[in-house]
Amino acid sequence: MGKIISEVSLVNELLEEIFSEIDNHFDEMVACRRHIHQNAELSFKEVETADFVEDFYKDKDVKITSHMGGNGLRVVIDTGRPGKTIGLRADFDALPIKEETGLSFASKNEGVMHACGHDAHTAYLMVLADILREKKDKLAGKIVIIHQHAEEVPPGGAKGMIEAGVLEGVDNVFGIHVMSAMDYGTIQYHKGNTQTGRAMFKIKFQGKGGHGSMPHLSNDSIVAASHFVTAVQTVVSRRLSPYEVGVVTIGSFDGKGTFNIIKDSVTVEGDVRAMADETKKTIEEEIKTIAKGIGETFKVGVEIEYTDDYPVLYNDPEMTQLVVDAVKEAKIGEVTDIIDCGPQPPSEDFSYYAKERPSCFFYVGAKKEDAPYPHHHPKFDIREDAMKICAKSMAAVVVKYLGEE
């Protein structure tokens, strides 16, 4: 019993030290976040952001691998003692959105904005990594910091980084997303299938153009494409079980023309989401079947481009429980509640890591009461204090993970 109490005491002492350092370096965290926010870069074009992150680690006792799968970085903190290897991931790409926040550090790049919180993810993890590096003599094993590019755009940065070897030697991966719709002070999680898988499609219906007064000499692609838009809604309502989660959205119908001309071709683009990879496959098959059937019915050509990208994000129950236990045991002052938030509708390319290693992706509430705008909104912003909770909760996970057999 005495040994267990002593070990618990040492863990608590280490966490107190780390939490104090996080508080002391919060201004640095904010400065990093604001620099990244002000210099927002689109997916696969984050050259200056990657350089900024790499410069932060230069001349420090870590091993840096840059340009992993593109603009990604792998930073290894080696304690020099045998143990497990934990991976911590944060993304750093922005979105093609014109910022309307009015912030003093608003994006200087016209039409590009950090409207999803990736700036905060990167900033908290940079500072936390540096603190963990300084405390590595009290830890065992290795910590692999994954600074990932291009989360927002398929095929996503995670896939390329994995192919480049970012998970070499890594046992498990953990990640955090700040959430502008979740109350500040809450940490939220879910076990099992947690975020939807995603696919996209583009279908061209090729008819025969002509004059509006002589439809019999033409073949109207708008009529064919319109029937597709209506019929495809039956995929979810009539082809999926009521217990399956699936969404099909038509986001673009390129049918603009002239009032008295029968359009030669129409291109329809859409989005697919599902909470199980099997459901996603069913939806794909049904969409293709309907499109081909429309082609036969209206005697139009059909060209289908279907991209099955991000898988369903599966949170390993054991790793997720470790997160919950670590946060509860750490007694983080800023944390008011730990909640099972249930499955979440958006997709996330962290799912690729979770397919390779048992992993957990959880959420930190960052709602601003005076500006509770959703992600991908031109006025999106977060409560910056939430970065402290990100850093402290992930620190608790690292200490507990590396301290367990």
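Glycine 293 lies in helix α8 (residues 277–298), where helices (H or I, at least four residues) and strands (E, at least two) are DSSP runs numbered from the N terminus. The model is a predicted one, in which local features need pLDDT of at least 70 and side-chain atom pairs count only at pLDDT 80 or more, while totals for chains, interfaces and linings use all residues. Residues are numbered from 1 along each chain as its sequence is written, and side-chain values use heavy atoms, with hydrogens and water left out. With a relative accessible area of 30%, glycine 293 is partly exposed; buried here means under 20% relative accessible area, exposed over 50%, and partly exposed in between (1.4 Å probe, protein chains only). The C-alpha atom of glycine 293 is separated by 9.1 Å from that of phenylalanine 228, 65 residues apart along the chain.

Rings of Phe, Tyr and Trp (its six-membered ring) pair if their centres lie within 6.5 Å, and planes under 30 degrees apart count as stacked, over 60 as edge-to-face and the rest as tilted. The ring centres of phenylalanine 201 and phenylalanine 228 are 6.4 Å apart with planes at 80°, so this pair is edge-to-face. Distant parts of the chain are linked by the pair, with phenylalanine 201 in strand β8 (residues 197–206) and phenylalanine 228 in helix α6 (residues 221–231), 27 residues apart.

Tyrosine 306, at 15% relative accessibility, counts as buried. Ring pairs join Phe201, Phe205, Phe228 and Tyr306 in a cluster.

Strand β13 (residues 301–308) is also the place of glutamate 303. Glutamate 303 is partly exposed, its relative accessible area being 48%. Together with Asp254, Glu269 and Glu305, Glu303 belongs to a patch of negative charge on the surface. Patches are made of residues with over 30% relative accessible area and no salt bridge, like charges being joined within 9 Å and nonpolar side chains (Val, Leu, Ile, Met, Phe, Trp, Tyr) within 5 Å. Lys and Arg count as positive and Asp and Glu as negative, with His and the chain ends not counted.

Side chains of opposite charge can pair when their charged atoms come close. The whole structure holds 29 salt bridges, each defined as a side-chain nitrogen of Lys or Arg within 4 Å of a carboxyl oxygen of Asp or Glu. One of them joins the side chains of aspartate 23 and lysine 388 (3.7 Å, N to O). This pair links distant parts of the chain, with aspartate 23 in helix α1 (residues 2–24) and lysine 388 in helix α11 (residues 386–403), 365 residues apart. Aspartate 23 is partly exposed, with a relative accessible area of 35%, whereas lysine 388 counts as buried at 19%.

Helix α11 also contributes lysine 392, which forms a salt bridge with glutamate 334, the closest N and O atoms being 2.9 Å apart. Glutamate 334 sits in the loop between α9 (317–330) and β15 (337–340), 58 residues from lysine 392, and the pair links distant parts of the chain. Lysine 392 counts as buried, at 4% relative accessibility. Elsewhere, salt bridges that share partners join Arg33, Arg34, Asp119, Lys368, Asp381 and Glu384 into one network.

A cis peptide bond, with omega about 5°, joins proline 154 and proline 155, and proline 155 is found in the loop between β4 (142–148) and α5 (157–163). Alanine 150 is likewise in the loop between β4 and α5, and has a positive phi of about 55° although it is not a glycine. At 0% relative accessibility, alanine 150 counts as buried. Aspartate 59, another residue other than glycine, has a positive phi near 65°. Aspartate 59 is found in the loop between α3 (47–57) and β1 (63–68) and counts as exposed, at 85% relative accessibility.

Note on methods
Accessible areas come from the Shrake-Rupley method with a 1.4 Å probe; for residues, only the protein chains shown count as cover. The place of a charge is taken as NZ of Lys, CZ of Arg, CG of Asp or CD of Glu.
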